[in-house]
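Biologist: Please show me the structure, and I will ask about it piece by piece.

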Amino acid sequence: MPTFEYDDAAHLLRRMGFGGSPKQITALQAMGLSGAVDHLLNFQKVDNSALNSLLDASFNFSHPYKFNDFNIDEVKRWWFTRMIHTARPFEEKMTLFWHSHFATADSKVDNPIFMYLQNQTLRNLAVGRFDDLLLAVAQDPAMLVWLDGVTNVAGDPNENFAREMQELFTMGIFDVISGQPNYTQDDVHQIARTFTGWGFYWPNYNKKPFDLVFAIDPNSHDTGPKTIYGVTANYEGQDVLQIVAARQATARFLVKKFFNYFVYPLDLATSQDQQTVDTYANIYLTSNHSISAVLEAIFTSDEFFSDRARFALVKNPVEYVVGSILLSGATHNPGTQVYVGDAAVVQSLCDLMGQELLNPPDVSGWPVGIGWINTASALNRYTYADYVASNRPQNTSDAGVFLPAKVLKAQTKTTAVDTVANFANLLGPLPLDSASQANLVAYLTTASDGSTVDFTKNNQTVDDKIRGLVHQIMCLAEYQLN
Amino acid sequence: MTLTRRQFIKTGMGSVAIGLVMPKLLLGGTRGGASGASGAGRKILVIVQLAGGNDGLNTVIPYTDPNYYQLRPNLGFPQAELVDANGQSTIITNQLGLHPSLSEIKSLYDQKKVAVVLGVGYQNPNLSHFLSEDIWETADPTGNSGEGWLGKYADIALAGATGLPAASVGGLLPKAMFSPNVVIPSIVDFGSYNFLTDPDHGDDSQDQLNTFLMNGGRNLTPGSLLQQVNQIGLNAVNNALLVQSSVAQYSSTITYPDDNPLAQAFLMLAQLLTTINELSVVYVSMGSFDHHSDEIDHNGNNPVRSTGQHATLLGWFSQAINLFLQDLGQHGLNNTLIMTWSEFGRRVQENTSFGTDHGTASPQFIIGNQVQGGTVYGTQPDLSNLDQYGNVQMTVDFRSIYSTILQKWLDVDSTEVLGTDNFTRDLGFLG
């Protein structure tokens with residue numbers, strides 16, 4: 001692409017993160033495209049000490065057996081705090097991506113320690129080699145409970161993980177392009193045997209409750225030869241994961257998921273999109289399965305900046321919730337415990353919108369696209385928008401989301417037309433059609449008795465109509481898209 | 001009961017829940033014309049979840065079983081205590097009696113409007129609340145399915161319907177109502193099921209709503225993502241306005257006590273059912289049955305069985321059901337079927353905290369004018385033959401209740417919802 005404009009930088013930040021302020025977008029634009037992608041993607045270089053200080057002040061996870069300090073809602077509050085306050089948005093975005101990919105729910109795992117550890121694993125290995133991520137997730141306690149690894153024993157193999165690992169985590173049942181089956185039921189059964197005896201234990205629960213150790217129980221592990229994908233050998237589970245991670249079917253499957261999540265929905269009936277998949281699948285295969293190599297290519301591609309990609313995705317509830325705070329300039333105070341004050345507002349409204357973090361509906365994860373919007377979830381989006389727009393700061397120590405008047409006043413212009421344009425820019429930038437612009441201008445110039453009045457920038461207007469304008473823009477269909 | 005917006009937001013963490021099944025199509029301006037949706041032919045199904053694991057053995061009490069008293073020296077109700085607050089016996093058979101708080105339920109039982117199904121559970125019981133709930137809600141013994149049993153029913157029977165054929169009230173949508181094709185919204189309370197605007201500027205509220213509706217009414221490229229999102233959002237707000245205007249028509253001589261939260265939830269159901277003609281499946285969840293401690297009151301070490309958390313909840317349940325049925329009856333809605341469920345019962349042996357731990361199968365109630373009531377169905381589990389964890393063995397597959405209702409009340413082939421596994425398809429409580 002020829003030049004890296006402000007709108008391009010905003011598009012990149014919405015997709016690789018949750019959006020940002022004009023200042024952040026301008027700074028990103030100044031880095032140029034490759035510099036901006038490098039900055040977001042290679043986030044290890046970015047100082048995140050402000051977030052870490054906030055986390056230290058807002059959470060006490062040192063004694064996970066103290067329920068009020070540590071429970072699944074606290075882990076959610078911790079993750080939302082990260083997403084809202086991080087200087088490394090892509091780190092959290094990829095953690096969210098992998099959470100939906102390796103969808104694991106506390107509803108069955110029923111242990112916040114395991115869920116917390118899996119979240120750390122997803123974050124730590126988010127952009128490394130896919131093989132390493134796959135193995136670590138497979139050996140984490142959360143997955144071993146979630147897909148019944150702990151009851152998978154020699155002689156009576158439980159196929160749950162072996163099946164879902166192939167179907168949902170790596171290749172899919174059928175090849176993304178050729179449509180040919182990637183494996184058979186025999187493969188599922190034989191692969192399940194390689195994972196028999198996989199489990200974990202706590203060496204010292206009382207002193208180190210977060211230190212769990214993966215182990216294979218020799219008494220329930222099947223060491224016999226297995227025939228997998230037509231080859232017979234004494235395979236171990238680790239071998240299988242490496243073999244699967246190296247298959248072209250896996251490369252294609254991952255690229256498809258990356259595109260559907262970060263770029264645009266692919267139409268794999270077209271040769272153009274088939275070629276697109278293979279272009280990036282080849283990068284995966286020739287880069288030693290480097291996730292960051294594939295993503296760097298995708299985020300600097302013509303496809304990513306094409307017209308087809310702009311506002312082609314539906315914001316998921318987390319993007320809606322976190323992004324609305326970041327774009328509007330609202331403050332967020334995580335509080336100190338989830339059940340105190342409004343500390344739970346962000347996560348409980350996200351639940352109501354249909355995305356209960358750490359509790360995806362099933363192993364296939366959350367929907368993408370239009371599936372996020374229905375007549376129930378849409379209303380909850382508008383309620384959250386109203387909450388953000390109209391919640392006025394009371395006491396600086398209060399937990400929750402607040403939109404200060406001075407933030408709004410600074411963005412208010414002297415005319416209604418300019419004010420609408422400026423807030424549409426701030427909350428996107430959103431491309432508004434003339435009808436919605438006219439409706440919003442009319443809103444700003446309508447008094448409570450229905451009469452038309454002049455727009456005047458003053459504290460009263462900011463407190464009344466500007467908060468209403470923010471709410472209205474966040475309710476627009478345009479704002480639901482990413 | 002008007003919740004403030006702030007309370008609504010906090011309620012998102014869970015508690016009492018009511019849900020609505022709405023079709024994905026826009027609600028039309030005319031409602032109530034759907035065939036069979038109103039008048040004598042209209043059938044209503046009400047699901048009541050007793051969340052947390054209701055103590056079945058202290059709900060339907062085996063007062064002649066010495067094992068019950070041996071394992072529950074404090075919690076076990078002696079026969080002499082099976083008497084309600086009015087001095088009426090709550091004994092229903094020569095072996096079983098209802099908890100004394102279930103006064104109205106006992107009266108309905110005597111009127112043959114209540115059937116008790118004994119020993120309801122599933123094989124290989126899991127004592128996790130969540131997995132057990134998933135199994136009940138999806139009717140999938142593995143708990144791996146993402147679709148609810150009522151959601152599957154909605155897909156079959158309600159996908160093309162107009163109006164509001166189903167609903168849930170109180171909190172998050174129950175998994176039982178998860179459906180890929182029919183949108184079933186959950187209404188926390190009517191105050192928040194609306195297009196909410198800045199509470200500090202109520203005078204701007206109409207202008208806000210008008211602006212939203214203007215934007216929702218824009219002409220956008222048909223079939224585009226933007227147009228689809230815009231249309232669904234407009235439908236959502238129109239649905240909410242419709243519910244608001246419908247429930248505003250409600251009037252009744254029945255008073256639902258403010259201090260009974262379940263009665264307040266049933267009031268919401270009555271407001272919906274009496275004003276929205278096509279509404280046929282509704283859901284409400286009542287929490288706090290997880291009585292690991294202080295299930296009954298006690299003075300020091302002396303048990304006081306007639307009061308306590310469990311007695312309070314069952315009393316609320318009994319009162320709410322009775323008021324709700326009276327209310328619906330006064331509105332001519334006499335074809336109403338209520339079923340209860342709970343993810344599990346509780347351990348037979350009481351613990352040392354005047355409570356009980358997670359258990360397995362438990363009895364459930366089927367209530368309504370058309371129920372072949374005044375009798376028990378299934379077999380009471382044998383308390384001398386417990387499993388390795390000290391829990392009862394199920395005698396009735398929970399899916400048998402579902403299939404009976406699907407076939408005899410909802411008029412669909414139960415295999416379409418529940419598959420072809422082998423269990424009793426008709427328990428007979430609907431004739």
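Modeller: To start with strand β8 of chain B, the bridge partner there of B:A167 is B:V282. This is a predicted model, in which local features need pLDDT of at least 70 and side-chain atom pairs count only at pLDDT 80 or more, while totals for chains, interfaces and linings use all residues. Residues are numbered from 1 along each chain as its sequence is written, and chains are lettered from A and ligands numbered from 1 in the order in which they are written.

Biologist: Which residue in β7(B) stands opposite B:V169?

Modeller: Strands here are DSSP runs of E with at least two residues, helices are runs of H or I with at least four, and both are numbered from the N terminus. Two strands pair if DSSP finds at least two bridges between them, and β6(B) has two parallel bridges to β7 (residues 186-187) of chain B. Opposite B:V169 stands B:I187.

Biologist: Are the faces of strand β6 (residues 166-169) of chain B covered or open?

Modeller: A residue is buried if 20 or more other C-beta atoms, placed from the backbone, lie within 10 Å of its own, exposed if 12 or fewer, and partly exposed in between. B:A166 and B:S168 on one side are buried, as are B:A167 and B:V169 on the other. Both faces are therefore covered.

Biologist: With which residues is B:F266 in contact, leaving aside its neighbours within four places in sequence?

Modeller: Contact means that two C-beta atoms, placed from the backbone, lie within 7 Å. For B:F266, with those neighbours left aside, the partners are B:Y256, B:V284, B:A320, B:L323 and B:F324.

Biologist: Which element gives the most to the side of chain B that touches chain A?

Modeller: On this side, 47 residues of chain B are in contact with 43 residues of chain A. The elements of chain B that give two or more residues to it are α1 (5-11), α4 (129-138), α6 (205-216) and α7 (225-247). The most, 12 residues, comes from α7(B).

Biologist: Does A:H289 count as buried or exposed?

Modeller: A:H289 lies in the loop between α15 (271-286) and α16 (291-299) of chain A. Its phi is positive, about 65°, although it is not a glycine. Because A:H289 has 22 C-beta neighbours inside 10 Å, it counts as buried.

Biologist: And B:D411, buried or exposed?

Modeller: B:D411 is in the loop between α10 (398-408) and α11 (414-418) of chain B. This residue is not a glycine either, yet has a positive phi of about 60°. With 10 C-beta neighbours inside 10 Å, B:D411 counts as exposed.
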